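The following exercises are to be worked with the sequence and the coordinates side by side. Each task is followed by a solution in steps.

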Amino acid sequence: MQTSRLTATLLAASATALLLAGCSGQPTGHTADTPSPTPSATIDDAGAPAPYDNACDGKQAVISGDSAPHEIDHCDAIAVTTKGSRITIGSTTSMVVEGSNNDITVDSVERITMLGSNNTVHVDGDTPTVDDQGQGNTVD
């Protein structure tokens, strides 16, 4: 009985060694493609902002640039990342406010997520669903 256990252990160890030897750095004949860098999502080759930075690309917009006025007529999703700006938005489905000390007026919005602090959002349409995870924010 002891001999058969020893034999089984030796066979298992030999099989493991053979499998691991197959994983060595030997060439397989397959040549992998060399990775290339991807272009920046926020700046193109000419240094221009991405199409969704302070403008709607048809689906989303990111409002950036501190202490400046911003205006977007309509966009499905808007992220506000500015500080100390006056922002006017037509209509949107969802808005995330990450910045601070902004005064935002929006015609209509369904959902607002507040992550920043001391932002004021004035909604002209129906009252949206608000998830306020920041501090000192108001939605009226």
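The exercises below concern a predicted model and proceed from the overall fold to individual residues.

**Exercise 1. Determine how many helices and strands the protein chain has, and state the pattern they follow along the sequence.**

Solution. Step one is the count: the protein chain holds 1 helix and 8 strands. Step two is the order, which reads α-β-β-β-β-β-β-β-β along the sequence. Step three concerns burial and surface. Of the 140 residues in the protein chain, 24% count as buried. The accessible surface amounts to about 9300 Å², and carbon and sulfur atoms account for 54% of that surface.

**Exercise 2. Identify the residues with the most contacts inside the largest nonpolar core, and the elements that give two or more residues to this core.**

Solution. Begin with the core itself, which has 17 residues. Those with the most contacts inside it are Ile78, Val80, Ile89, Met95, Ile104 and Val121. Next, assign the core to elements: β1 (60-63), β3 (77-80), β4 (86-97), β5 (103-114) and β6 (120-123) each give two or more residues. The greatest contribution comes from β5, with 5 residues. Finally, examine Ile78. When neighbours within four places in sequence are left aside, Ile78 is in contact with Ala61, Ile63, Ile72, Ile89, Thr92, Ser94, Met95 and Val96.

**Exercise 3. Locate the disulfide, assign its handedness, and classify each of its cysteines as buried, partly exposed or exposed.**

Solution. The structure holds 1 disulfide. It joins Cys56 to Cys75, with an S to S distance of 2.1 Å. Cys56 lies in the loop between α1 (2-21) and β1, whereas Cys75 lies in the loop between β2 (69-74) and β3; the pair therefore ties together parts that are 19 residues apart in sequence. For handedness, the torsion about the S-S bond of Cys56 and Cys75 is about 75°, so the disulfide is right-handed. For burial, apply the cut-off of under 20% relative accessible area. Cys75, at 0% relative accessibility, is buried, while Cys56, at 28%, is partly exposed.

**Exercise 4. Describe where Asn137 lies, and state which backbone nitrogen its side chain reaches.**

Solution. Second, Asn137 has a relative accessible area of 11% and is buried. Third, the side chain of Asn137 reaches the backbone nitrogen of Asn118 at 3.2 Å.

Terms used. Residues numbered from 1 in each chain as written. Predicted model: local features only at pLDDT ≥ 70, side-chain atom pairs only at ≥ 80, totals over all residues. Heavy atoms only, no water. Core = buried A, V, L, I, M, F, W, Y, C linked by side-chain atoms within 4.5 Å. Buried < 20%, exposed > 50% of the residue type's maximum accessible area, 1.4 Å probe, protein only. Helix = DSSP H or I, 4+ residues; strand = E, 2+ residues; numbered from the N terminus. Contact = heavy atoms within 4.5 Å. Disulfide = S-S within 2.5 Å. Polar contact = N/O pair within 3.5 Å; in protein donor to acceptor, adjacent residues only side chain to side chain. Areas by Shrake-Rupley, 256 points an atom, 1.4 Å probe, with all protein chains shown as cover.
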